[in-house]
Amino acid sequence: MTLTPGDLTIEEKAGLTSGASFWLTKEAGGIPAVRVSDGPHGLRRTDTDAPSAIAVAVPATCFPPAAGLAQSWDPELARQIGAALADECRAEGVDVLLGPGINIKRSPLGGRNFEYFSEDPVLTGAMATAWVQGLQSGGVGASLKHFAANNAEHDRMRASSDIDPRTLREIYLRAFERVVRDARPWTIMCSYNKVNGVLASENHFLLTEVLREEWGFDGLVVSDWGAVANRAAAVEAGCDLAMPAPGEASDAELAQAVRAGQVPESVLDRAVARVAALADRAVAGRQVTARQDADAHHALAREAAARSIVLLKNDGGLLPLAPSQSLAVIGVFAAEPRFQGGGSSHVNPTRVESPLEALKGGSRSVGYAPGFSVDGTGSDAALVAEAVEAARAADVAVLFLGLAARQESEGFDRTTIELPAEQVELARAVVAANPRTVAVLAHGGVLRLAPLADVVPAILDGALLGQAVGGAVADVLFGAVNPSGRLAETVPVRLSDTAAYLQFPGEHSHVLYGEGIFVGYRWHDARSLDVTYPFGHGLSYTTFGYADLSLASSAEGITVRVTVTNTGPAAGREVVQAYVGLPDSAVSRPPRELKGFASVDLAPGESASVSLLLRREDLAYWDRRLDRFVVEGGSYSVSVGASSRDIRVSAAVAVEGDPARVPLTLDSTLMEVLADAVAGPILGEAFASLMPADSDSGAADALGVDLLSLIGSAPVGRMVSLSGGAVTRPQLEELLARANAAAQ
Ligand code: BGC
């Protein structure tokens, strides 16, 4: 179907740029309606088109939310989940799934951190690219969200994320850019917040200049639900579809703005054409046959959950447990697991496998004590005494701790990263009764773990694992799965150590991203701050050795090759991480930044050569003078290891830089002009001629400092007045023009 916008009236066209209902676009002029649904870690298809809060969703597989899945560091797994989600969408007649959420976790307090992957843009970008490719391969469109800089819930519909250009590009847009370029999502969802003072829904710079003109986005921009304040401004900026359904009066206002010439009709036509193109994609997608299979999807959810569990510590090799060991399962989350977050992404799972149920399998003796109430806080002496009794009677105590659903959700930020004190007290009492205690954690946002890690010898961190949490935890506890998950976020020693601590969540509707590019581990490493568990950390039931690092630089980037050997007793998967630094950089940089990763499965004693490409574009920094990415030439250090702070092998490699000459202007400093091959010698001569004959030592003596150190930072244009008119402005302009021409 090809739409000719001329076939429709202005009113009909305006109508097409807003939703018909909560989840449907309009049908008009031969363009069929498109059905969208949340998203992201499972389908939330409601029975009716009523607002999400009051509608019941059809049962769907609840895969691990992004905070959990990111810990797998496994894009292939994300791809499989994307494909499974497409099957479920197809089976329910859903054309676009509203996800993935790929904002960077700027502060551990961010209320939607559970919906986002990581504090790192390269890890986020790799996971989300595969997820989108998987989903779209099944004929269902993705909606990459929330574009952009949606990093807090506080004041989320008004606050401006105030970010310098370099930080915006390198941290907050980098993953979006990667997914747009590599996976071509059908849609992208603009966020509620403002970016540098302009609502994302009205942000021409983001929605048109960056997204379309620079990155080549060819899909549709949909607003977040209720994010559009001004329809005309939104359409002009490049927001094509206002959701959910602002109504006829709002459509009429837009039509009126077009009739009054405030918005060119061609701009409206452009938006309509994009709605039509989305409908085309949806219609084609409907031809893909759905292979809905609840059992297979549950099995995939279990595999994904198990792969996403991080073994934080394992003193004395307490884990894996022997099948014959008797267990005291303690903590209410064992029976009523916390496995997803609250808000628009909340899925109605097809089934829920509780850890308690899963651990009860076989002939094993399993006692259970809730320890605290399901709101995560309430505990009393009787509950603790019961838990202590159970722990004493068993070979091993397994403690299920974490945050309750109402302690974190979309809609509000957290104010603390503490595990509820009652739970830490419970852990102390249980360990005192039975030192063979393992803690299993469930939470969407990062927790301060030092108090717990000081007490318990072994910790498994699942973040949020989805509906198959029980079987997955059992698989890892008993060693059926050797843990290979890695932290996608730093676990800080204290909240006040974190990068955004002083500027989160901002004030008076402004959030200053004052920490710049130093987000997450970039901050902790640059400040040499201790952490409880570093970004990328995760142990295994086996051990791995690294050797023979080789680096090769090419037009594509840096190819890293390293030999990894399983040096321990069990088969296992190692996630090889490559971090890059440029010690002598002309711009400020963290000591190490993740630029690539890969994983390898190895039997005991087995070795493999692992190869990864650190993409050249990921080495680039954003140069605000040139308004573009630049790869700086130099000797890059490449550190390869098992976490951001467990570097096993490193080496340096020379990388050729991009040409990045900044044109000289009257605002260039004297030093900058003196450094130029053409203008430098001429200016130097003029400069010398202004000095008294014996000026070399004379000026320094008179001023107590070398003259150039004193005025070298002055814009060259000021030479006119500083020389008392001996150097003229036309002379300087001519000189600079000559230098600029010679550099072409
Ligand atoms: C959320 C989006 C979601 C939409 C539809 C909004 O409140 O921010 O992530 O897709 O609602 O439920």
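T129 touches R178, V179, D182 and A183, leaving out residues up to four places away in sequence; contact here means heavy atoms within 4.5 Å. T129 sits in helix α4, where helices (H or I, at least four residues) and strands (E, at least two) are DSSP runs, numbered from the N terminus. T129 is buried, at a relative accessible area of 7%. Buried means under 20% relative accessible area, exposed over 50%, and partly exposed in between (1.4 Å probe, protein chains only).

A word on the model itself: this is a predicted model, in which local features need pLDDT of at least 70 and side-chain atom pairs count only at pLDDT 80 or more, while totals for chains, interfaces and linings use all residues. Residues are numbered from 1 along each chain as its sequence is written, and side-chain values use heavy atoms, with hydrogens and water left out.

**Helix pairs**

Helix α4 (residues 121-137) packs with helix α3 (residues 75-91) at an angle of about 30°, and their axes are 6 Å apart. That makes α3 roughly parallel to α4. Axes are lines fitted to C-alpha atoms, for helices over the stretch in contact, and angles run from 0 to 180 degrees between N-to-C directions. Angles under 35 degrees count as roughly parallel, over 145 as roughly antiparallel, 65 to 115 as roughly perpendicular and the rest as oblique. The crossing of α3 past α4 is right-handed, that is, the near helix is turned clockwise from the far one by less than a right angle. On the α3 side you'll find P75, A78, R79, I81, G82, A83, L85 and A86, meeting A126, M127, A130, W131, Q133, G134, L135 and S137 of α4. Sorted by class, that contact has eleven nonpolar, four polar and one charged residues. For the classes, Ala, Val, Leu, Ile, Met, Phe, Trp, Tyr, Cys and Pro count as nonpolar, Asp, Glu, Lys and Arg as charged, and the others, Gly among them, as polar.

Further along, helix α13 (residues 381-393) and helix α14 (residues 421-433) cross at roughly 30°, their axes coming within 8 Å. α13 and α14 are therefore roughly parallel to each other, and α13 passes α14 in a right-handed crossing. V384, A387, V388, A391 and R392 of α13 make this contact with L426, A429, V430 and A433 of α14. The residues here divide into eight nonpolar, no polar and one charged.

**An enclosed helix and its surroundings**

Helix α16 (residues 469-477) has nine of its nine residues buried, so it is largely enclosed by the rest of the structure. Its buried residues pack against α11 (294-308), α12 (355-359), β12 (396-402), β13 (437-442) and β14 (458-461). After α16 comes G479, with a positive phi near 85°.

Helix α11 also holds A304, which counts as buried at 0% relative accessibility. Setting aside neighbours within four places in sequence, A304 is in contact with P64, L69, L77 and I81.

**Aromatic groups**

The whole structure has eleven aromatic pairs. Y172 and Y513 form one that is edge-to-face, 5.1 Å centre to centre with 80° between the planes. This pair links distant parts of the chain, 341 residues apart: Y172 is in helix α5 (residues 165-172) and Y513 in the loop between β16 (510-512) and α17 (521-526). Both Y172 and Y513 are buried. Rings of Phe, Tyr and Trp (its six-membered ring) pair if their centres lie within 6.5 Å; planes under 30 degrees apart count as stacked, over 60 as edge-to-face and the rest as tilted. There's also an aromatic cluster made of W73, Y521, F535, Y579 and F597.

Most residues other than glycine have a negative phi, and most peptide bonds are trans. Here are some spots to look at:

| Site | Feature | Value |
|---|---|---|
| D38 to G39 | cis peptide bond | omega near -25° |
| M243 to P244 | cis peptide bond | omega about 0° |
| W73 | positive phi | phi near 45° |
| S528 | positive phi | phi near 50° |

G39 lies in the loop between β1 and α2 (66-69), and P244 in the loop between α8 (231-237) and α9 (248-259). W73 is in the loop between α2 and α3 and is buried, with a relative accessible area of 1%. S528, in the loop between α17 and β17 (531-533), counts as exposed at 64% relative accessibility.
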